[in-house]
Amino acid sequence: MKTYNIAALAGDGIGNEVMREAIKVLRATESKFKFKLAITEAPVGWAGIDAAGKALPDVTLALCKKSDAILFGSVGLPERDPTIPKEERPERAALLRLRKEFGLFANLRPVKLPKVLAHACPLAKERQGDGIDILVVRELTGGMYFGQPKKTEDLGGGNFRATDTMVYTTPEIERIAHVGFKAAELRRKKLTSIDKANVLENGILWREVVTRVGKNYPGVTLEHMFVDNGAMQLMLKPTQFDVMLCENMFGDILSDEAAAIGGSLGMLPSASLGTTSGEITFGLYEPAGGTAPDIAGKNLANPIAQILSSALMLRHSFGLNEAAAAIESAVQRAIESGHRTGDIFSASESGARKVGTREMGDAIAAVV
Ligand code: IPM
Ligand code: MG
């Protein structure tokens, strides 16, 4: 029996609670599909700072390096300790560091609105068409998140100048474009490339390179869209999208918007991969939402994003496609049988039952 080594980094806020449920579901899947998961937990984020003085403690990084995949919760508590230097805060020192350290340039964020959750979508029914099913492919190690210079200068007299730099090179755009087109080939064969080519140098290069890469994928229809229009089109006609290919920051923003359309940010999983999709590879898997400190520790968080992230891990890092699909269909069935955390609950929905984080995890684990 093959053993897969997983570094489980729950992090802050709701991270621990949702991680518990993902591990519960993974254990249920493990016994059913006969593989072995060696899951080792380690602190990250504020939990890392509290335990070892660093958002990404050395032991945690060492564990990630010898693991086959990282299952990540979430990090960052904006209210905590404003005196800690920004470079040492968890978002940069742990999450962005891990993305960069492991070269995880390809971030896949599948947004799917289950039919029974039509009420959880903020858009009118007629805009939902036959259902919303979008894959946001977000470039994750370039753009303004990492471009240099990145600094704040004191201009004196209480004035400062803050600089972030947006940089992309041809190879960086090429490799993420290939991921996008390959994903589109396996889906509905349409790729919408998002840019700001009417204003940004980066946008012009992005559009040129994506167009060129697209020639290798004649079966995929390529469309270009300015990011502002893309944000609007998501609201007006989300069903027009199949794969949305975005640079780092545009993908960050549009994936939250898409998640809301998909019912809740609490249901959006993500896979961050270092090589083109389809190959078995090392990856980091995390819910796309945040730490939600307002509901942390109250058994209120929706664990589905974390659970679906673990399914993506089984598929992309371990090639366990059947087990991954079993988790996804278990989530579907738990929803169909009326289990609702607060974020997807509506009192007017008949047959729906408001449940907590643990109960949702139990319901899913029971039908894997
Ligand atoms: C995300 C998050 C992160 C990002 C934050 C927590 C640094 O918003 O994964 O979408 O901006 O990438
Ligand atoms: Mg985000």
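Helices α1 and α12 pack at about 15°, with 9 Å between their axes (helices being DSSP H or I runs of at least four residues, numbered from the N terminus; axes being lines fitted to C-alpha atoms over the stretch in contact, with angles from 0 to 180 degrees between N-to-C directions). That makes the pair roughly parallel, a label for angles under 35 degrees. This is a predicted model, where local features need pLDDT of at least 70 and side-chain atom pairs count only at pLDDT 80 or more, while totals for chains, interfaces and linings use all residues. Residues are numbered from 1 along each chain as written, chains are lettered from A and ligands numbered from 1 in written order, and side-chain values use heavy atoms, leaving out hydrogens and water.

Here is who meets whom, with contact meaning heavy atoms within 4.5 Å:

| Helix | Residues in the contact |
|---|---|
| α1 (15-33) | E17, V18, E21, K24, V25, A28 |
| α12 (357-366) | T357, R358, G361, D362, I364, A365 |

Within α12, T357, M360, G361, A363, I364 and A365 are buried, i.e. under 20% relative accessible area with a 1.4 Å probe, protein chains only. Their cover includes α1, α10 (304-316) and α11 (321-336).

I364 also turns up in the largest nonpolar core, of 86 residues, where M313, L314, F318 and I364 touch the most other members. Such a core is a set of buried Ala, Val, Leu, Ile, Met, Phe, Trp, Tyr and Cys residues joined through side-chain atoms within 4.5 Å. Both domain 1 (1-109 + 264-368) and domain 2 (122-261) contribute residues, so the core lies between them; the bounds come from an automatic or database domain assignment. Leaving out residues up to four places away in sequence, M313 touches I6, L26, A69, L71, Y285 and F318.

Terms used: Buried means under 20% relative accessible area, exposed over 50%, partly exposed in between (1.4 Å probe, protein chains only). Helices (H or I, at least four residues) and strands (E, at least two) are DSSP runs, numbered from the N terminus. Angles under 35 degrees count as roughly parallel, over 145 as roughly antiparallel, 65 to 115 as roughly perpendicular and the rest as oblique.
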